[in-house]
Amino acid sequence: MEGASRSLVIVIFVSFLAFTILYFNHKKSFSRSPQLVSDNFGILTIRSNQSQSPNETSMVFVHLLNSIQSLNNSLSEIQTQLVSQRRFFNINVTENEKNGCPSHKFVMTTGDSGGLGNRMSEYATLLALSAITGFTPVIGKDHKKTLTDVFPLIPFEGTKISQSCMDTAKALNPRLLTETNAFIATKPVDHVHNIRLHEYPNGVFYYNKIRGLLKEHLRFKPEVDTVAEGFLVNASLLLKPDMMDPVWVGIHVRRTSYKYHLNVTQNGTLVTFEYFERAIKRLEESLSDSYRNFEPTKMVFVVASDDNEWCKTQFGTIPNKTVIFAEQAFTHNLGFDRKYLDMAIMSKCNHSIFDYGTFGFWGAYLAGGHTILAHNIGTGMNPEVENVRQAELPNWHFIEAHGKS
């Protein structure tokens, strides 16, 4: 933190010095003739022996603006470094300290439950809302362990918060965007001591604003990343020379226990294979519109799922498509959970397709590129779909879960 602060002071000083030098050079330039020179840093400037024309004067100011822009970029990088380091210190809480509550103001997660995707969403929402509100972020021990097992760069120590502390904290549900924005507008740091996030929050609207920072925190541990990268490299070598520079498309298919979840929460049903056929077609259309030289034949579909047998039966019937399965990367016990590898492989793809669920969402979100996902899954409201829609992520396209559109 000290190094970043020192760098910030230096950049501010250099900015002021550069502005002063350029200003006085400009004042003196009315009595000197024009001459283009290069300093030791390869920066071209104008010196003049006579009164400058409007065009020559404008060139000086263009250079001034460019110099200031360059310095601003440096400032931005240092500020990002400062933000990434602020308030991420260890918080140790005991039951004897104010009933298990830290003395400072904090925002906490509540659910040490759910799968990897749920916990990533909760962490990202926590990080974003803590930055927005000025509260210190706190996560539970189990939550921290689940995340750092696969993302070791997360700069948190998990802590234990007493139930009484949770009960007295202000409950906040980031899925309710209007209500959350209204609460933030009241400057809660002035009148609220602690905030407790609703279980399974997924505030995409908020954490997409710190996407760069999240991608730094959510880096897969080296042993997972290496296997994922090696899987795609080996697949690429096997495809050559028939296919040069493949366009990787990660596909996540969620089934098994999600059938019950969809029925209970949305009165919905699992999508059929027909959904994925339409999703592939929609992705091809989107990429054709965005890239003039796009070639659909270069697409390689990498399928990850909790029901690989279903996927092999269904995706094996697609004509004229190249399909591989992420489970092929997990040929033996690698010392970590297979789902970590599934998400790591998906994150390395160029584009994505998924049906529903936070696991598929995070594979696509970390990958970037174009994404196709389902909506109108059942007759009930789907908060996950609405959270993504509110964020207005570029090149994310919704298609009907069931139907022809």
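Trainee: At what angle do the axes of helix α3 and helix α4 cross?

Mentor: Axes are lines fitted to C-alpha atoms, for helices over the stretch in contact, and angles run from 0 to 180 degrees between N-to-C directions. Helices (H or I, at least four residues) and strands (E, at least two) are DSSP runs, numbered from the N terminus. Here the axes of α3 and α4 (residues 141–148) cross at roughly 110° and come within 10 Å. That makes α3 roughly perpendicular to α4, a term for angles of 65 to 115 degrees. The model is predicted: local features need pLDDT of at least 70 and side-chain atom pairs count only at pLDDT 80 or more, while totals for chains, interfaces and linings use all residues. Residues are numbered from 1 along each chain as its sequence is written, and side-chain values use heavy atoms, with hydrogens and water left out.

Trainee: Which residues make the contact between α3 and α4?

Mentor: Contact means heavy atoms within 4.5 Å. From α3 come L116, R119, M120, E122 and Y123, and from α4 come D142, H143, T146 and L147.

Trainee: In what order do the strands of the open sheet lie?

Mentor: Two strands pair if DSSP finds at least two bridges between them. In this model 4 strands form an open sheet in the order β4-β3-β6-β5, with parallel pairing. β4 (136–138) and β5 (170–172) each have a single partner strand, so one side of each is left without a neighbour in the sheet. From one strand to the next, the twist averages 25°. Strand β3 (residues 106–108) is joined to β4 by 3 bridges, and M108 has V138 as its bridge partner in β4. Helix α3 (residues 116–133) lies across β3, β4, β5 and β6 (194–197), and runs at about 150° to β6.

Trainee: How is K170 placed, and what is K170 in contact with?

Mentor: Buried means under 20% relative accessible area, exposed over 50%, and partly exposed in between (1.4 Å probe, protein chains only). K170, which lies in strand β5, counts as partly exposed at 38% relative accessibility. Leaving aside its neighbours within four places in sequence, K170 is in contact with F183, V192, N194, I195 and R196. The C-alpha atoms of K170 and P188 are separated by 9.8 Å, and the two residues are 18 residues apart along the chain.

Trainee: How many disulfides are counted?

Mentor: A disulfide is a pair of cysteine sulfur atoms within 2.5 Å. By this rule the model has 0 disulfides. C311 counts as buried at 0% relative accessibility, and C349 is buried with a relative accessible area of 3%.

Conventions: Parallel < 35°, antiparallel > 145°, perpendicular 65-115°, else oblique.
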